[in-house]
Amino acid sequence: MKKKLMMVLAAFLCFAASQIGFAQTKKTPPKTRNKQQGLKWEEASTNHLKTYVLRLKPGQDLRAELEQFTKVKNLQAGYIITCAGSLRKAALRLADQSDSTNFDGKFEIVSLTGTLTPDGPHLHISISDGTGKTLGGHVVIGCEIYTTAEIVIG
């Protein structure tokens, strides 16, 4: 049942990818900048999107595996589309903290978001414990997969 669901999800994402496109950034021309606020930004346009479905197994490190995947696939501007899974250890750099904090226990991955580039990932995660208490922060090395992490990457 799980395998069939993953295949349906992968097929849907491939279809959606063919409809959406690949984001290409470019500098905003000076004439489109908001002169009153002095805003400068990059815009994105789409014409092609490639998706990957990645399944991590028990004991693997979430950040290390995503870094390795980024290198192997030579991703230049990857991003997390969605993730479902669990951790048995979490290492997070919490808001306004310079060092990471380690958590032991069983945690559901409620949300994973971020970017994957050759310079390294920038990932934020929300996890919940057995009581539903949720916490989140910046993903660092030390987030160990408990049962699985099924990740869709664009």
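This briefing describes the overall build of one protein and then its aromatic pair. The model is predicted, so local features need pLDDT of at least 70 and side-chain atom pairs count only at pLDDT 80 or more, while totals for chains, interfaces and linings use all residues. Residues are numbered from 1 along each chain as its sequence is written, and side-chain values use heavy atoms, with hydrogens and water left out.

**Overall build**

- The protein has two helices and eight strands, where helices (H or I, at least four residues) and strands (E, at least two) are DSSP runs numbered from the N terminus.
- Read from the N terminus on, these elements follow the order α-β-β-β-α-β-β-β-β-β.
- Among contacts (heavy atoms within 4.5 Å) between residues at least 6 apart in sequence, 62% join residues at least 24 apart.

**Surface and burial**

- Of the 154 residues, 33% count as buried, a term that means under 20% relative accessible area, with exposed over 50% and partly exposed in between (1.4 Å probe, protein chains only).
- The protein exposes about 9900 Å², of which carbon and sulfur atoms supply 54%.

**The aromatic pair**

- A search of the whole structure finds one aromatic pair, and pairing requires ring centres of Phe, Tyr or Trp (its six-membered ring) within 6.5 Å, with planes under 30 degrees apart counted as stacked, over 60 as edge-to-face and the rest as tilted.
- Tyrosine 52 and phenylalanine 69 form this edge-to-face pair, with 5.2 Å centre to centre and 85° between the planes.
- The pair links distant parts of the chain, since tyrosine 52 lies in strand E3 (residues 52-56) and phenylalanine 69 in helix H2 (residues 62-72), 17 residues apart.
- Tyrosine 52 counts as buried at 15% relative accessibility, and phenylalanine 69 is buried with a relative accessible area of 14%.

Note on methods
Accessible areas come from the Shrake-Rupley method with a 1.4 Å probe; for residues, only the protein chains shown count as cover.
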